[in-house]
Amino acid sequence: MIALAMMMAAAVTGAGVEVTIPGPQGPLAGTWQPSATSDVGPVVVIVPGSGPTDRNGDNPLGIKAQPYKLLAEALAARGIASVRIDKRGMFASRAAVADPNAATIAGYADDARGWAKFAAAKAHAKCAWVLGHSEGGLVALQAAQRSDGICGVILVSAPGRPLATVMREQFKANPANAYLLPQALAMLDGLEAGRTTDPATLPAPLPMMFPEAVQRYMIGLFRYDPTKLAATARVPVVIVQGDNDMQVSVEDAKRLAAAQPRATLTILPGVNHVLKVVPAGDRMANGASYGDPTLPIAPGVVDAVASAVK
């Protein structure tokens, strides 16, 4: 058992309290968002999506929508505490491992379980909910293969198929990708087969998105089937999906629900991948929302998460 005295840093910010727990080689860091109404009650661990996505849901590749920060603040107003985290090897958790690209879903799941134990103790609760967004849904499902300290998992905009399949659809869905589509699809085929592709042979911007180190991580990632993980989850599963998501489809959510008949499924009209409400069919507005932290979190997302944990 990790002593709470080892876990918590003292810095307080307007966005919550900076906290740490021990990681493999150094501390894992996150932000504790206390409930606005009580020191005792339900609590959620918010696990980030793919790539260099930070605890607020932002990404240096252009995402500044802050969906996790907005969600945490909205949940706090409903009496639900949370901790949102930086992944091992990245941002304030960079000392946790030497190479962030050597991380695995299993390692991320171990971290999520550690955070769940910390969050439950901090909220004086028996367990914590683990909310995984996008690729973080895989982490939450892997964590749910063991039930210790976890009340249940909430899959928000989470893939319901192997990620290579999802990524193929993402590339094909954007007409602007026509010039790079053959090379992108060939790269994904190679990764599924366990082979990397020399980034220098790929058209821009693929070399920046898929350097060799990232490709090595993706070889392991592509071996996971989220429906199989959902079917064997040892805790309740809650699925929340927007129908205006350009990255993960409603069909993915339905596949997850079919794999786990006890799961609850909520489809939210107008909600996109960064958990904002945008006009249906307007790809420009949808894309613009990824860089807009002033656009509020979709109320339906907050309602679905609050309903699940309460």
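This is a predicted model: local features need pLDDT of at least 70, side-chain atom pairs count only at pLDDT 80 or more; totals for chains, interfaces and linings use all residues.

**Entry 1: enclosed space**

Rolling a probe the size of a water molecule over the atoms shows where empty space is left. In my search a cavity is a set of points, on a 1 Å grid over the protein atoms alone, where a 1.4 Å probe fits but cannot get out, and lining residues have an atom within 4 Å of a point. Grid points are joined across faces, edges and corners, and the volume is the space filled by probe spheres set on the points.

The largest cavity holds about 60 Å³ of space. I listed its lining residues, among them Leu28, Val47, Pro48, Tyr108 and Val139. Which helix gives the largest share of this lining? It is helix α3 (residues 105-122), with three residues; helices (H or I, at least four residues) and strands (E, at least two) are DSSP runs, numbered from the N terminus. I then sorted the lining by class and counted seven nonpolar, no polar and four charged residues. In this sorting, Ala, Val, Leu, Ile, Met, Phe, Trp, Tyr, Cys and Pro count as nonpolar, Asp, Glu, Lys and Arg as charged, and the others, Gly among them, as polar.

**Entry 2: the sulfur link**

I searched the whole structure for disulfides (pairs of cysteine sulfur atoms within 2.5 Å) and found one. It joins Cys127 to Cys151, with 2.1 Å from S to S. Because the torsion about the S-S bond of Cys127 and Cys151 is about 105°, the disulfide is right-handed. Cys127 lies in the loop between α3 and β6 (128-133) and Cys151 in strand β7 (residues 150-156), so the pair ties together parts that are 24 residues apart in sequence.

**Entry 3: charged pairs**

How many salt bridges does a search of the whole structure find? I found 13, a salt bridge being a side-chain nitrogen of Lys or Arg within 4 Å of a carboxyl oxygen of Asp or Glu.

I looked up Glu73 and Lys69, whose closest N and O atoms are 2.8 Å apart; both lie in helix α2 (residues 67-77), four residues apart, about one turn of the helix. Glu73 is partly exposed at 28%, whereas Lys69 is buried at 18%.

Next came Arg78 and Asp303, which meet in a salt bridge at 2.5 Å, N to O. This pair links distant parts of the chain, with Arg78 in the loop between α2 and β5 (81-85) and Asp303 in helix α12 (residues 299-309), 225 residues apart. Arg78 is partly exposed at 35% relative accessibility, and Asp303 is partly exposed at 38%.

Methods
Residues are numbered from 1 along each chain as its sequence is written. Side-chain values use heavy atoms; hydrogens and water are left out. On a 1 Å grid over the protein atoms alone, a cavity is a set of points where a 1.4 Å probe fits but cannot get out, and a pocket is an open set with protein on both sides within 12 Å along at least five of seven lines; lining residues have an atom within 4 Å of a point. Buried means under 20% relative accessible area, exposed over 50%, partly exposed in between (1.4 Å probe, protein chains only).
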